[in-house]
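I opened a new model today and kept notes as I went. Here is what I looked up, entry by entry.

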Amino acid sequence: MKITRATVNITSPGRNFVTLKIETDEGIYGLGDGTLNGRELAVASYLTEHVIPCIVGRDPFQTEDIWQYLYRGAYWRRGPVTMAAIAAVDVALWDIKGKALQTPVYNLLGGKSREGVLVYGHANGKDIEQALEDVARLKELGFKAIRVQSGFPGLATTYGVSKKPGKYEPAERGLPPENEWSTEVYLRHAPELFKRVRETFGEELHLLHDCHHRLTPIEAARLGKELEPYHLLWMEDPTPAELQEGFRVIREHTTTPIAVGEVFNSIWDAHDLIRNQWIDYLRMTIVHGGGFTHLKKTADFAALYQVRTGFHGATDLSPVEDGHMYPGDAPGLGVGLDEKLAAKYPYQRTYLPINRKLDGTLTDW
Ligand code: MG
């Protein structure tokens with residue numbers, strides 16, 4: 001079998017998605033997601049200008065060789081644009097393999113190891129009362145795990161809280177929206193939020209919370225310690241992870257489990273976090289972490305250190321990969337793409353917000 005053609009589909013049915021379609025001389029095609037929120041066209045261009053010319057004519061079964069060719073062969077390694085492009089190719093090739101062998105991709109990666117995958121819903125509210133109402137709504141829908149975010153007095157905007165009812169979508173058209181932040185306000189109110197959730201809903205629910213990289217290690221340590229009585233499943237992205245050593249400080253002060261990695265794109269972003277057991281869950285995604293080929297190796301390495309996976313599945317990832325609560329039986333990825341329908345929703349430039357402290361200092365969003 002040979003790759004004959006590859007095309008990049010960019011569509012915006014409410015938000016932007018970049019999908020790579022790889023076709024073969026045997027009529028089998030594969031799909032791979034290359035969506036990088038707020039920087040979509042960079043991945044599309046990387047694929048069209050630099051990657052696709054190199055893969056036409058190759059054997060789509062050679063996923064390892066093609067991965068190494070695109071990673072080592074480019075000389076310029078890593079980075080979200082490069083790794084999202086490599087992931088799009090890798091996932092599309094695994095899709096082709098599965099279809100050619102008439103089996104779901106998971107059977108090529110070791111087979112099912114559980115019947116269903118626990119997923120969590122996002123509860124949010126402009127204040128604690130509204131957040132509690134949203135937790136009740138998701139619990140009613142059947143979620144056993146719920147991430148809870150809330151607005152707090154004195155902050156006009158907060159990460160994870162919708163401006164309008166409905167799903168939280170941070171990317172907006174126009175120039176990047178500006179949010180505001182106060183660590184003091186947040187640390188004063190966040191423990192109260194989880195106290196109220198436990199008082200209202202008891203101990204059965206799995207609770208999660210996303211700090212979205214906004215704390216220093218010692219601030220995150222304080223929050224983790226104060227959240228201990230409420231037994232979170234995880235505290236996510238407590239501090240920016242470029243400084244992997246920072247997680248040691250958090251770990252030394254709290255038993256609240258830590259999850260991180262939605263912006264990671266290589267095992268080298270998490271190597272120290274894993275081997276020192278400074279984290280409990282790795283959130284690196286298939287789409288930004290080089291596809292199945294690289295993420296499987298990373299997850300296997302993490303498993304040796306009792307670090308589990310909780311892959312990021314936000315709405316900025318393609319619905320082509322999202323939402324597999326139970327594995328299906330269709331060959332390959334088990335999904336298709338309606339290209340005619342996609343063409344009705346052209347690309348719209350959007351940006352994720354930036355974040356400033358109350359005195360105007362730019363900080364992490
Ligand atoms: Mg997150």
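**Entry 1: Lys21**

I began with a side-chain pair: Lys21 and Glu339 are joined by a polar contact of 2.7 Å. I note here that the model is a predicted one.

Where does Lys21 sit? I found Lys21 in strand β2, which covers residues 17-24. Is Lys21 buried or exposed? Its relative accessible area is 15%, and the cut-off for buried is under 20%, so I put Lys21 down as buried.

Next I listed what touches Lys21, leaving aside neighbours within four places in sequence. The contacts are Arg5, Ala6, Thr7, Tyr29, Gly30, Leu31 and Glu339.

Glu236 belongs to strand β9 (residues 234-236). Glu262 lies in the loop between β10 (258-260) and α8 (271-275). They are 26 residues apart, and the pair links distant parts of the chain. I checked burial too: Glu236 is buried, and Glu262 is buried as well.

**Entry 2: strand β5**

I turned to β5, residues 145-150. Six of its six residues are buried, so the strand is largely enclosed by the rest of the structure.

Which way do they point? Ala145, Arg147 and Gln149 go one way, while Ile146, Val148 and Ser150 go the other. I recalled that side chains in a regular strand alternate between the two faces of the sheet.

Then I looked at the pairing. β5 pairs with β4 (residues 120-125) in the parallel sense, over six bridges. One of the partners I noted is Ile146, the bridge partner of Gly121. From β4 the chain passes through helix α4 (residues 128-141) to β5, and this β-α-β crossover is right-handed.

β5 also pairs with β8 (residues 206-210), again in the parallel sense, over three bridges. There, Ala145 stands opposite His206.

**Entry 3: helix α6**

Last, I took helix α6, residues 217-227. Which of its residues are buried? I wrote down Pro217, Ala220, Ala221, Leu223, Gly224 and Leu227. Seen down the axis of α6, they fall within an arc of 165°, so they line one face of the helix. I also asked what covers them: the cover includes α5 (183-201), β9 and α7 (246-253).

Note on methods. Residues numbered from 1 in each chain as written. Predicted model: local features only at pLDDT ≥ 70, side-chain atom pairs only at ≥ 80, totals over all residues. Heavy atoms only, no water. Helix = DSSP H or I, 4+ residues; strand = E, 2+ residues; numbered from the N terminus. Buried < 20%, exposed > 50% of the residue type's maximum accessible area, 1.4 Å probe, protein only. Polar contact = N/O pair within 3.5 Å; in protein donor to acceptor, adjacent residues only side chain to side chain. Contact = heavy atoms within 4.5 Å. Arc of directions from axis to C-beta. Pairing = 2+ DSSP bridges. Right-handed = clockwise from strand over helix to strand, strands pointing away.
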